[in-house]
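Hi,

Here is the structure I promised to pass on. Have a look, and my notes on how two of its parts meet are below.

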Amino acid sequence: MTALATAAPTLAERTARVADVLAEHAREVDDSATFPVASLDALRESGLMGLLVPVEHGGLGGDLADLARTAAELGGACLSTAMIWAMHGQQVAAIAAHAGPRLRADLLPRIARGEVYVASVTSERGKGGHLLTAEAPLRPEGDRLRIERDAPIVTGGAVADGFLVTMRASPEAGHDDVSLVYADRGQLTATPGRGGWNPMGMRGTHSVPLRITGDVPADQLVGAPGGFRAVATRTFVPAGHIGWAACWLGAARGALSMVLGMIRDPRTRGSFDPSSELLRRRLARARLDLDTVAALLAQAIRDAADATDPEAPAVQLRLNGLKVHAAERCSAVVDELVELTGLRHGYMRDSALPLERVHRDLRSASLNYANDRLYDANGAIALLDRDVTLAWAGRP
Ligand SMILES: Cc1cc2nc3c(=O)[nH]c(=O)nc-3n(C[C@H](O)[C@H](O)[C@H](O)COP(=O)(O)OP(=O)(O)OC[C@H]3O[C@@H](n4cnc5c(N)ncnc54)[C@H](O)[C@@H]3O)c2cc1C
């Protein structure tokens, strides 16, 4: 008897299976502010940790549209776990596009097999959240690089298998001369830093302070020495903003879908009046906000795929605008849904609808790389585009 070859599951099938696990654990990881170990195990098993790993290295060979679709589905199940996964995807995108051949050949297959979950270390005491500067320097020691880095907030820092870290390129380098370096957990000593993790929302991300020290071979730089700016512009920021925005959009879409289900459910229909003008207006506003975020997200994905000049002002404006707009509007949608569903269904922690949790989670979106920083950047970039080049009016 010949065994029938089973077709590999589609991306949608993999995502749907994992989303059930995330949803099952969402409340518990929020209550305890602990890392969603079972959900990460399911992601490791599913192949999704290697979504952005090229096929020749054993991955699924996905692109930014796949990242966004998957992040949105996961975001509707558990926003903390979705962000953990999307941030890992952002790190993998940078490694796949900019690491040297030895690191790619060693690391990418391990990521594809679900063995390596990569955490992000960009924030640093002293410089705050500013992405393109660094304080602590990499120190060359023969053919190795010495890492001594304070890391005040590292999502999944206690469980990650590897870290992608921004550092000043050398002790002599300026603060905007930044390198990106990869380290396996086994190459580092990671000790808990000052403070813990007891935030308002995104509690399951378990984003802890760490102090990391160790050394790695010099070919574990991702991009050229001092080349983080190019990695950031081409890959790191597009994958980051697209992945985060998709997570937030998925969480807000999931919330709206649940509220619509409740309004239409015969058992709760009496609690809501679908002919109420106020209710209809609130639903229309929520839907419009989600549609505008989705449209900007789709355009940012097209920009990232098409742009020959990723630094073109119109491209930068939309990419930063996506992050800011998604953070504001997705949070506003869920706030409005709390208002619509009221104290019993929208505000209680033990309500059947998880609006209270999603509301707290989405409150972090404007802070997760400060919207203020991006407004400031976009104001300066807008001055460079006197023609006000909009996407529908032709290519930037
Ligand atoms: C859930 C979550 C997970 C995270 N995970 C990680 C992680 O894994 N790794 C990591 O490195 N970091 C992580 N971060 C940190 C994040 O990337 C940002 O660096 C951090 O949230 C910024 O913190 P901040 O607001 O203190 O700093 P800053 O960005 O320095 O801002 C400080 C204050 O100054 C204001 N401000 C800043 N710039 C300007 C300006 N130009 N004009 C006016 N006002 C300004 C801001 O609004 C803010 O009030 C995470 C954050 C969150 C919320």
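In this model, 25 residues of domain 1 are in contact with 26 residues of domain 3 (contact being heavy atoms within 4.5 Å). It is a predicted model, where local features need pLDDT of at least 70 and side-chain atom pairs count only at pLDDT 80 or more, while totals for chains, interfaces and linings use all residues. Numbering starts from 1 along each chain as its sequence is written, and side-chain values use heavy atoms, with hydrogens and water left out.

The domain assignment gives domain 1 (11–112), domain 2 (118–220) and domain 3 (228–393); these bounds come from an automatic or database assignment. Taken over C-alpha atoms, the centres of domains 1 and 3 lie 21 Å apart.

About 2100 Å² is buried between domain 1 and domain 3, with carbon and sulfur atoms giving 66% of that (the accessible area, 1.4 Å probe, that two parts lose on being put together, summed over both).

The rule finds four salt bridges across this interface (side-chain nitrogen of Lys or Arg within 4 Å of a carboxyl oxygen of Asp or Glu). Arg349 and Asp31 meet through their side chains in a salt bridge, at 3.7 Å from N to O.

On the domain 1 side, helices H1 (11–32), H3 (64–75) and H4 (79–98) each supply at least two of the residues touching domain 3 (helices are DSSP runs of H or I, at least four residues, numbered from the N terminus). H4 gives the most, with 11 residues.

Cheers
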